[in-house]
Amino acid sequence: MYCIKANSLHKSYGSLIAVNGIDLSVKYGEVFGFLGPNGAGKSTTIKLLTTLIPPTSGSINVLGIDAIANPLETRKKIGVVFQQPSYEPTLTVEKALEKYGMMWDVDHKTRKDRVEELLSSFNLEEIRKIKNEDLSIGQRRRVQVAREFMHDMKLLFLDEPTAGLDPKARRSLLDFLKNRVKVGLTIFFTTHVLSEAEYLCDEIAIINKGKILAVDSPEELKNRFGREKTIKIRIQEPKPELLKLLENIQDCHIDFNSGTNITIRSGNSETILLQILQILNENNVVIEELSTNPTNLEEIFLSMVNESDASNS
């Protein structure tokens with residue numbers, strides 16, 4: 001049985017198709033990453049799964065509940081942090097946390113204990129008496145995420161939770177989430193920072209134009225789509241005529257805009273590199289820098305999204 005199970009999920013706004021027949025299966029006790037470019041359908045999918053909007057068609061089961069038929073019952077068991085800022089301007093940090101606990105009917109003692117725990121875990125102790133309206137964007141974001149943990153939940157939806165956080169606060173939050181998953185929480189997580197997804201997620205789905213392109217663990221995605229290597233070459237000066245010569249090379253993808261940086265991705269990188277070096281030598285092109293690296297998750301993501309865009313254009 002899955003924590004989230006969605007089948008043939010569609011959402012249309014007139015002629016605009018925001019979600020186009022996706023299937024999702026999220027296991028209990030994992031972090032499920034949901035990645036895609038802006039406008040891919042991520043936020044719409046979260047709104048569907050959290051019952052904020054109804055689907056045009058399809059089924060959604062959340063925590064064993066038919067979420068379409070029983071939205072209120074579903075909402076009582078989940079937590080949601082949306083990408084849009086949300087805070088109580090005139091309340092101090094600790095009062096905002098306490099108010100959120102009261103909204104969820106958390107008893108007085110538990111509420112007080114959780115406020116102290118979250119102030120410590122999210123490094124908010126020094127600003128506990130400061131009003132939210134006087135906080136920085138990153139501090140408000142920490143409060144926004146922290147307050148969701150004032151109530152008991154089995155499933156948490158996080159839409160770009162690290163937006164506005166500095167690197168230290170970002171890693172602290174990711175580690176906090178990892179520890180919560182260890183004690184049974186399931187997290188549905190969206191981010192534009194691919195290194196975060198690789199660090200935190202057990203499984204990743206890549207979505208573009210409302211369709212799921214791939215679902216797998218970060219390692220398996222790299223095994224499946226990352227066998228190729230990335231070659232990066234910086235030449236001394238622009239050579240516009242190179243573009244046509246490089247386009248004739250087979251079995252690789254080349255990014256080159258007649259500038260000085262050439263990026264080549266290929267599963268046959270050694271042979272391709274020799275061909276490119278020969279062309280550069282024949283055209284008296286001076287190479288300033290050359291590197292060959294395994295393709296990382298970010299490059300896999302960009303490659304899949306670009307291919308999807310090309311096939312739909």
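Colleague: How is the protein chain divided into domains?
Modeller: There are two pieces in this predicted model: domain 1 runs over 2-224, and domain 2 covers 227-294.

Colleague: And how far apart do the C-alpha centres of domain 1 and domain 2 lie?
Modeller: Those two centres are 41 Å apart. For scale, the C-alpha trace of the protein chain spans about 80 × 45 × 35 Å along its principal axes.

Colleague: How many helices and strands does the protein chain have?
Modeller: You'll find eleven helices and 14 strands in the protein chain.

Colleague: What share of the residues is buried?
Modeller: Buried residues come to 46% of the 313 in the protein chain.

Colleague: OK, pick a helix. Which residues of helix α3 are buried?
Modeller: Helix α3 takes in residues 93-103, and the buried ones are V93, E94, A96, L97, E98, Y100 and G101.

Colleague: What covers the buried residues of α3?
Modeller: The cover includes two other helices, α4 (108-121) and α5 (137-148). Also, have a look at D105, which follows α3 and has a positive phi, near 65 degrees.

Colleague: Where else is phi positive, say around K209?
Modeller: K209 isn't a glycine, yet its phi is positive, about 50 degrees. K209 sits in the loop between β9 (203-208) and β10.

Colleague: Is N284 in a helix, a strand or a loop?
Modeller: N284 is in a loop, the one between α10 (269-282) and β14 (287-294). N284 has a positive phi too, about 55 degrees, and is not a glycine.

Colleague: Why does N284 count as exposed?
Modeller: Because its relative accessible area is 64%, and exposed means over 50%. K209 has a relative accessible area of 44%, so K209 is partly exposed.

Colleague: Switching topic: how many disulfides does a search of the whole structure find?
Modeller: Zero disulfides turn up in the whole structure. Take C3: the nearest cysteine sulfur belongs to C201 and is 14 Å away.

Colleague: Are C3 and C201 buried or exposed?
Modeller: C3 is buried, with a relative accessible area of 0%. C201 is buried as well, at 7%.

Colleague: Back to strands. Where does V215 lie?
Modeller: V215 is in strand β10, which covers residues 211-216. V215 has 34% relative accessibility, so it counts as partly exposed.

Colleague: Which residues does V215 touch, leaving out those up to four places away in sequence?
Modeller: V215 touches F32, E203, I204, A205 and R224.

Colleague: How far is V215 from K244?
Modeller: Their C-alpha atoms are separated by 36 Å, and the two residues are 29 apart along the chain.

Colleague: What about contacts across the protein chain: what share joins residues at least 24 apart?
Modeller: If you take contacts between residues at least 6 apart in sequence, 67% join residues at least 24 apart.

Colleague: Last one: how many positive and negative charges are there?
Modeller: The protein chain has 39 positive and 43 negative charges, and their mean positions are 6 Å apart.

Notes
Residues are numbered from 1 along each chain as its sequence is written. This is a predicted model: local features need pLDDT of at least 70, side-chain atom pairs count only at pLDDT 80 or more; totals for chains, interfaces and linings use all residues. Side-chain values use heavy atoms; hydrogens and water are left out. Helices (H or I, at least four residues) and strands (E, at least two) are DSSP runs, numbered from the N terminus. Buried means under 20% relative accessible area, exposed over 50%, partly exposed in between (1.4 Å probe, protein chains only). Contact means heavy atoms within 4.5 Å. Lys and Arg count as positive and Asp and Glu as negative; His and the chain ends are not counted. The place of a charge is taken as NZ of Lys, CZ of Arg, CG of Asp or CD of Glu. Domain bounds come from an automatic or database domain assignment. A disulfide is a pair of cysteine sulfur atoms within 2.5 Å.
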